[in-house]
Amino acid sequence: MTPFVATEEPASAASPNHNHQLQRQRNRENEGDGDDFGEQHRRTAKRPRTMASTEEIDSTIARPGSVKINVKGAFIVDPDAATPAQGNGSDNGRVSPSHHETRDIRLPNHTAVVSHIAVDIGGSLVKLVYFSREVDSTDPGGRLNFQHFETDRIDDCIEFMKLLRDKHKALNGSRSQELCVMATGGGAYKFYDRIRDALEVEVLREDEMECLIAGLDFFIAEIPREVFTYSESDPMNFVSPREIIYPYLLVNIGSGVSMLKVTGPRSFQRVGGTSLGGGTLWGLLSLLTGARSFDDMLAEAEHGDNTKVDMMVGDIYGADYGKIGLKSTAIASSFGKVFRMKLQAEGAEAAGDPVRGGDGNGDAHADAHGDADARGDSRAPGHSFSSADISRSLLYAVSNNIGQIAYLQSQIHNLSDIYFGGSFIRGHRQTINTLSYAIRFWSKGEKQAYFLRHEGYLGAVGAFLKRQPVNWGRRGSVEGVDDVQEWRQALKTESEKRT
């Protein structure tokens, strides 16, 4: 059976689940009374036909949820084959308000029209998912596209959605009202009126946690080379799609952090979280450094040396603390050196020797002599510490905290599989390494951390698929597939009777 992700059937046709349940109810009510049931069935058959044919339903939709997303043969395209970004640009020296991911998902066997787009509007970022046909290609199928915007520039996202609406109308000849926005996240409520009024389309709001789980389940079960584990020897070890995925812990790291114990497609519990998340890193680094965007901060961290500001175990013991399993390179105190180094620098400056202080070399204070620009080394405003060093230190501090809390929650709830999602990660190797190491260290290798290539789009993809009936679109979805087959057979039988 071809795997597909299906959503609610058109308003003109009852869903197969509903028809199946209704038929079973009628059978129970009329058991032993075949004549009455036959008469009832004949009366029903004489009603005006409002259903479309199977072929019509397969090829067209009237509202979101009518489409069945065929994921057979789905794969992540190479970066150089990604759909070009639309509407990117900069203004007033600011970075581009949107960022197009180069990891579109190709759906070579999906041919039906898709009349909805999905947005996950968080406190820091808006994540957008939409379907498009191949550019300048006669090949069947299309692809899921991924784009994000800063939330404080929501109007840029709305303008982009207008372009998608107009393009949809031009390609499909449908009224703009037929396009729908599936929205999730806190901004789905905060910006509901603005989106609806600007686009003049229906906006359906979906539960954030349910969307996260639906999106993650989709990636785990259906998309090859999506989920991976990390180690220093094998930074991206892909995990094949699998059918049995529960239970697991989902750690979604956005502006804040939510941790969900998931035991089934619709069975979950938020067991914890922390307010120290991506928003914390972004906020503090915007105060401490000159970075203008989250990506700038991650880029800074790539070149930083956290040992310039963090107090290490080796700084205290002069070596490893082997008795409790701590290496000399382990962080004993994030930003632990800053106070001492700053006092030394201030004392040296008062004594007329600005080069001395800190760790005894002039490099940490080179900007006092104008050497920072010569090295290409940015310095945090107001003091002499490198922005790159500060960025790396704070990234480690936030990531280590999340990793340890995630381990503790998994231990409390006896969960071995831990999936990390959210836009905080961004495929950033240092972040992934820190989270993976924390789980491996604290669990002594008994628990596994998993990561995704589309980690920031779990909620948006879940919203895109949210209208699906229970268990549809999953390999092994026997109940859902049987209902579809029975529903299609009923349509075929009805059609044959009329001919």
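Strand S17 (331-333), helix H13 (387-412) and helix H14 (429-443) each put at least two residues into the lining of the second largest pocket, and H14 gives the most, with nine residues. Helices (H or I, at least four residues) and strands (E, at least two) are DSSP runs, numbered from the N terminus. This is a predicted model, where local features need pLDDT of at least 70, side-chain atom pairs count only at pLDDT 80 or more, and totals for chains, interfaces and linings use all residues. Residues are numbered from 1 along each chain as its sequence is written, and side-chain values use heavy atoms, with hydrogens and water left out.

That pocket holds about 880 Å³ of space. Its lining has 28 residues, and Thr329, Ala330, Ile331, Asn400 and Tyr437 lie nearest its centre. There is also a second largest cavity, lined by residues including Phe219, Ile223, Arg242, Tyr419 and Tyr450.

Some ground rules: on a 1 Å grid over the protein atoms alone, a cavity is a set of points where a 1.4 Å probe fits but cannot get out, while a pocket is an open set with protein on both sides within 12 Å along at least five of seven lines; lining residues have an atom within 4 Å of a point. A volume is the space filled by probe spheres set on the points, which are joined across faces, edges and corners. In the table, Ala, Val, Leu, Ile, Met, Phe, Trp, Tyr, Cys and Pro count as nonpolar, Asp, Glu, Lys and Arg as charged, and the others, Gly among them, as polar.

| Space | Volume | Lining residues by class |
|---|---|---|
| Second largest pocket | about 880 Å³ | 13 nonpolar, eleven polar, four charged |
| Second largest cavity | about 40 Å³ | eight nonpolar, one polar, one charged |

Now for helix H4 (residues 154-172). Its buried residues (under 20% relative accessible area) are Ile154, Cys157, Ile158, Phe160, Met161, Leu164, Arg165 and His168. Down the axis of H4 they fall within an arc of 160 degrees, taken from the directions from the axis to the C-beta atoms, so they line one face of the helix. Among the elements they pack against (heavy atoms within 4.5 Å) are strand S7 (125-133) and helix H6 (192-199). After H4 comes Gly173, with a positive phi near 65 degrees.

Arg225 has one of about 60 degrees. Tyr246 and Pro247 are joined by a cis peptide bond, omega about -5 degrees.

Technical notes: Buried < 20%, exposed > 50% of the residue type's maximum accessible area, 1.4 Å probe, protein only.
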